[in-house]
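I open this notebook to record what I looked up in the structure shown below. The entries follow the strands, then a helix.

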Amino acid sequence: MKADSETKNLMAELAKWSRKNSMAQIWWRDDDASRPTSNLDWMLKTIHSLEFKPLLAAIPNLSSRELAKALETNGLPIAVHGLSHSNYEPADSRKSEFGPSRDLHDIKKDLIQAKEQLSCIFGDSVIDCFVPPWNRIREDIIPNLSELGFSGFSSFGKRSSKVHESNLKWFNTHVDVIDWPNTRQFIGRDAMISQITDNLRRQRTRSVTSEPVGVLTHHLNMIESDWEEFRNIFTVLKKNNAVRFVDPLELFH
Ligand SMILES: [Zn+2]
């Protein structure tokens, strides 16, 4: 069965980490938090049963006090996810809130406002980490992030060469569990395991120091049965001695 072969590949990969006496590090980020929904509840249940916290990227202009209340007892660290998650780029370009079409001055103003607004709603739960909507931002703004109050940054995929000049705690996500071009739903168990395995292999065989593999979820696009599959995969990982789940606060604080 295909499912079995994916798990076998993952186990074989983790065995290689074990033989190297290394720990495969995994962290988790969830994007687009704005209000309490049943989708959010399903994720919160998953967090509770796994005893593993994601970094929650919340949209300042869309976040409500009701969301803050719903999260009160969970103690999730909250990152700044844009200001309004609006696209300013032309229709034929890739979407971005802080892309090349915008004036640098306006971007800076929005970034400062975004953090202030989110802190008003979530208080101390907000950490100094910026997550650009659609994982995209004008590269020339990155060196300015620290003076705008951000010590951390997270997007998707390979880190840009700006990582060295940015002075930021920069940790990306690498496994996107939503099939954006087609269904806009969960990619399913097999694809998720296979992406995790591929990324672990990439980290293990890197010549430079490896970084934790980041798993990216969007709870609004996931239903209860998706979280069941997600939980099962994470439970398998958690039981493995070669895996360490990394708390986002460890990375960004
Ligand atoms: Zn987003």
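**Strand pairing**

I looked up Ala 58 and found that its bridge partner in β3 is Val 80. Strand β2 and strand β3 (residues 78-80) run parallel and are joined by three bridges. Helices (H or I, at least four residues) and strands (E, at least two) are DSSP runs, numbered from the N terminus, and two strands pair if DSSP finds at least two bridges between them. From β2 the chain reaches β3 through helix α3 (residues 65-71), in a right-handed β-α-β crossover. I call a crossover right-handed if, with the strands pointing away from the viewer, the path from the first strand over the helix to the second runs clockwise.

I note that this is a predicted model, in which local features need pLDDT of at least 70 and side-chain atom pairs count only at pLDDT 80 or more, while totals for chains, interfaces and linings use all residues. Residues are numbered from 1 along each chain as its sequence is written.

I then turned to strand β1 (residues 24-33), which pairs with β2 in the parallel sense over four bridges. Asp 30 stands opposite Leu 56 in β2. With helix α2 (residues 38-50), β1 and β2 make a right-handed β-α-β unit.

**Side chains of β2**

In a regular strand the side chains alternate between the two faces of the sheet. In β2 (residues 55-58), Leu 55 and Ala 57 point one way, Leu 56 and Ala 58 the other way, and all are buried. A residue is buried if 20 or more other C-beta atoms lie within 10 Å of its own, exposed if 12 or fewer, and partly exposed in between, with C-beta atoms placed from the backbone. I checked Ala 57, which counts as buried because it has 25 C-beta neighbours inside 10 Å. Its C-alpha lies 7.3 Å from that of Arg 29, 28 residues apart in sequence.

**Helix α2**

I compared the span of α2 with expectation: its 13 residues should span 18 Å at 1.5 Å a residue, and its end C-alpha atoms are 18 Å apart, which agrees. The expected span is 1.5 Å times one less than the number of residues. Glu 51, which follows α2, has a positive phi near 55°.

Is Ser 38 buried or exposed? Ser 38, in helix α2, counts as exposed, because it has 9 C-beta neighbours inside 10 Å. Ser 38 and His 219 are 181 residues apart along the chain, and their C-alpha atoms are separated by 9.5 Å.
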